[in-house]
Amino acid sequence: MQSRNRDTGLGLRLTLVATLGGLLFGYDTAVISGAVQSIDLDFIVPLGLSETWRDTISGLTISSALFGCVLGSAVAGTLADRFGRRPALMLAAILFVISAIGSAWPEAGLSPFGTTGPAALVALGCYRLLCGAGIGIASMVSPLYIAEIAPKERRGQLVTLNQMAIVTGIVGVYFVNWLIARNGDDAWVNRIGWRLMLGSEGIPALIFLVLLRFVPDTPRWLVLKGRDGEALGLLKRLSGAALAGETLAEIRASLVEKSAGLLAYGWPVIILGLGLAIFQQTVGINAVLYYAPLMFANLGAGNDSALLQTVIVGGANMLATLVALFTVDRLGRKPLLIAGSILMTLPMLALGLLFQMKSQGVWALVCVVVYIIGFAISWGPVVWVVLAEIFPAEIRGKALALAVAVEWIANLAVSWSFKVLDGNSALNAWFNHGFAYYLYGIMSMLAGLFVWRFIPETAGRSLEAIQELWGRRAPSEAEKARSEVARA
């Protein structure tokens, strides 16, 4: 009976569509790396600001998408719970398309093509803000969608596919940026090339939007809205008739109340989720990814060579994420996070030392590659897996949205502060651009200690079993009142 009803490839197909949100997440966050120098020359330098203000405005412009990420992730939970996981992802895709066109032509409607005055700078920031809102929504809803359609024995692997898509987006845009840069000299890149880089995100965004029209929402959301018949039909296709009824009963039991307050299960689970989100960013990964060409340029590489070395870093990221894909369910979440922290701590401290010693050469690239491998087998994919499964069902949408919003705030702080720290003359007199890497090494060590001491293992458990780690939720005031009436 199970084989007669089950569509064995459905779960994978739905996962692959949802992971396009992850691909765009990676693509759109890293695309700016190829345009940093051009944006500085076209928009920032002509303003004639002091060093501190120049670096501050540049850092805010480069990281402007992250403000949108905070906003998008903050409302993603509400959108996903009220309208559905699929409509939330469709909204993200629409925002990606609009931002691609506007970022490539920010002066549209303001001044002739090719002019880059202060008004165009503000418009560029606004379009990148829209892009960030799409990223924020996709970063929360894509792993949530996958976690809610995946069987427990493959949930870690399938959610890790989303991280693989993020990494693929990063590597893909590094390669696209490099190819675009090879079509002309630096002057051409600063005039036309950066526009092609930022506009290229529109192609995968349109594909994502079209494919989303053909996928259903998740069984858990359907049950949440009282559409049990549709949920059962989808569960039969995902897991077979023999397991569909049992799974539906588990979902119903975990959703006795369709909504609960954020603190219904107490502070500990919220604090653990927020801690993971903060540490994932404060280890410095996005400063390395956003500013990789600048980092290699600081070590003496030319523009084309710096972009090529960035492609190498992205390739290491992708290959290491493949390792996580096949180990996250087998080895568990906690061991991978601790091992990754060790692999990130040592090369970041060594990289800081290489900068301070003004050492140029292959060892700096080796340090960055080892650091990327450490992140990609652990804190990159595994944190998203744990965040998608650690929160109880009744608060999952709210708690995951909060965790992702905090994560983007941390990302914003790290990305903006890197440009300020890296351009600070006083710090560079002592550390020669190495201070930030020392800082990221220390944070990587603290991240490992946090996981070792506080994070429970969730591998191999159903979402409902993980919920039991936090005990029974506290009854709401309405439930208390109903209980008193019943006893009377």
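**Close-up 1. E389 counts as buried, at 1% relative accessibility.** Here, buried means under 20% relative accessible area, exposed means over 50%, and partly exposed lies in between, with a 1.4 Å probe and protein chains only. Before you go on, please note that this is a predicted model, in which local features need pLDDT of at least 70, side-chain atom pairs count only at pLDDT 80 or more, and totals for chains, interfaces and linings use all residues. Residues are numbered from 1 along each chain as its sequence is written, and side-chain values use heavy atoms, with hydrogens and water left out.

R333, the partner of E389 in a salt bridge with 2.9 Å from N to O, is buried as well, with a relative accessible area of 1%. A salt bridge is a side-chain nitrogen of Lys or Arg within 4 Å of a carboxyl oxygen of Asp or Glu. R333 sits in helix α18 (residues 333-356) and E389 in helix α20 (residues 381-390); at 56 residues apart, the pair links distant parts of the chain. Helices are DSSP runs of H or I with at least four residues, strands are runs of E with at least two, and numbering starts from the N terminus.

**Close-up 2. E148 and R85 meet through their side chains in a salt bridge.** The N to O distance is 2.9 Å. E148 belongs to helix α7 and R85 to helix α6 (residues 85-104), so you are looking at a link between distant parts of the chain, 63 residues apart. Both E148 and R85 are buried. By the rule given above, the count of salt bridges comes to 5.

**Close-up 3. R227 and E230 form a salt bridge.** Their closest N and O atoms are 2.9 Å apart. R227 is partly exposed, at 34% relative accessibility. E230 is partly exposed too, with a relative accessible area of 44%.

**Close-up 4. F355, F418, Y437 and Y440 form one aromatic cluster.** Rings of Phe, Tyr and Trp (its six-membered ring) pair if their centres lie within 6.5 Å; planes under 30 degrees apart count as stacked, over 60 as edge-to-face, and the rest as tilted. The count of aromatic pairs comes to 8 by this rule. F355 and Y437 are stacked, with 5.0 Å from centre to centre and 10° between the planes. F355 lies in helix α18 and Y437 in helix α23 (residues 435-454), so this pair ties together parts that are 82 residues apart in sequence. Both residues, F355 and Y437, are buried. The rings of Y437 and Y440 have centres 6.3 Å apart and planes at 85°, so they make an edge-to-face pair. Y437 and Y440 are 3 residues apart in helix α23, about one turn of the helix. Y440 is buried, as is Y437.

**Close-up 5. F391 is among the residues that touch the most other members of the largest nonpolar core.** L276 and W379 share that description, in a core of 139 residues. Its largest share, 15 residues, comes from helix α7 (residues 118-149). A nonpolar core is a set of buried Ala, Val, Leu, Ile, Met, Phe, Trp, Tyr and Cys residues joined through side-chain atoms within 4.5 Å. Leaving aside neighbours within four places in sequence, F391 is in contact with V269, I270, G273, R396, A399, L400 and A403, where contact means heavy atoms within 4.5 Å.

**Close-up 6. N162 is found in helix α8 (residues 155-181).** N162 is buried, with a relative accessible area of 2%. Once neighbours within four places in sequence are left aside, N162 contacts A18, T19, G22, S142, P143 and I146.

**Close-up 7. The sulfur of C131 has its closest cysteine sulfur in C69, 7.2 Å away.** That is too far for a bond, given that a disulfide is a pair of cysteine sulfur atoms within 2.5 Å. The disulfide count comes to 0. C131 is buried, at 0% relative accessible area, whereas C126 is partly exposed at 41%.

**Overview. The protein chain has 25 helices and 0 strands.** Of its 488 residues, 57% count as buried. Among contacts with a separation of 6 or more, residues 24 or more positions apart account for 83%.
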